[in-house]
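Hi there,

Here is the structure I promised to pass on. Please have a look at it first, and then read my notes.

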Amino acid sequence: MRPETDLKLRQILEEVLGLKPGQVDGFTADTCLFGELPELDSMAVAGLLTEMEDRLGITIDEDEIDGEIFETYGSLLKFAVAKQEAA
């Protein structure tokens, strides 16, 4: 795993979703996101993806996006790391 990607992703989630400072520090791989975080709605997903592209230096195609990516923090992190490795 890439620790810098984990740190950046936590920062992105906190800033884009407007979460309480330190809230994302407690996220584990099994922390549910979509459906559990009221801040993560369909509009927030677009902003989140844009920030991930900008800050992580990745490109995300529309056909790559599905609900499973946002199911847990671990699935989102795994997706981000895979995109970085493929770049």
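Predicted model: local features only at pLDDT ≥ 70, side-chain atom pairs only at ≥ 80, totals over all residues.

Residues are numbered from 1 along each chain as its sequence is written, and side-chain values use heavy atoms, leaving out hydrogens and water.

Let's start with two helices (DSSP runs of H or I, at least four residues, numbered from the N terminus). Helix α1 covers residues 3-17 and helix α3 residues 73-86; they pack at about 120°, with their axes 10 Å apart. The axes are lines fitted to C-alpha atoms over the stretch in contact, and angles run from 0 to 180 degrees between N-to-C directions. On the α1 side, T5, D6, L9, R10 and L13 make the contact (heavy atoms within 4.5 Å), and on the α3 side Y73, L76, L77, A80, V81 and Q84.

L13 and L76 turn up again in the largest nonpolar core, which has 26 residues; they are among those with the most contacts inside it, as is F27. Such a core is a set of buried (under 20% relative accessible area) Ala, Val, Leu, Ile, Met, Phe, Trp, Tyr and Cys residues joined through side-chain atoms within 4.5 Å. Helices α1, α2 and α3 each supply at least two residues of this core. Leaving aside residues up to four places away in sequence, F27 touches R10, L13, L19, L33, L37 and Y73.

Enjoy exploring!

Key: Buried < 20%, exposed > 50% of the residue type's maximum accessible area, 1.4 Å probe, protein only.
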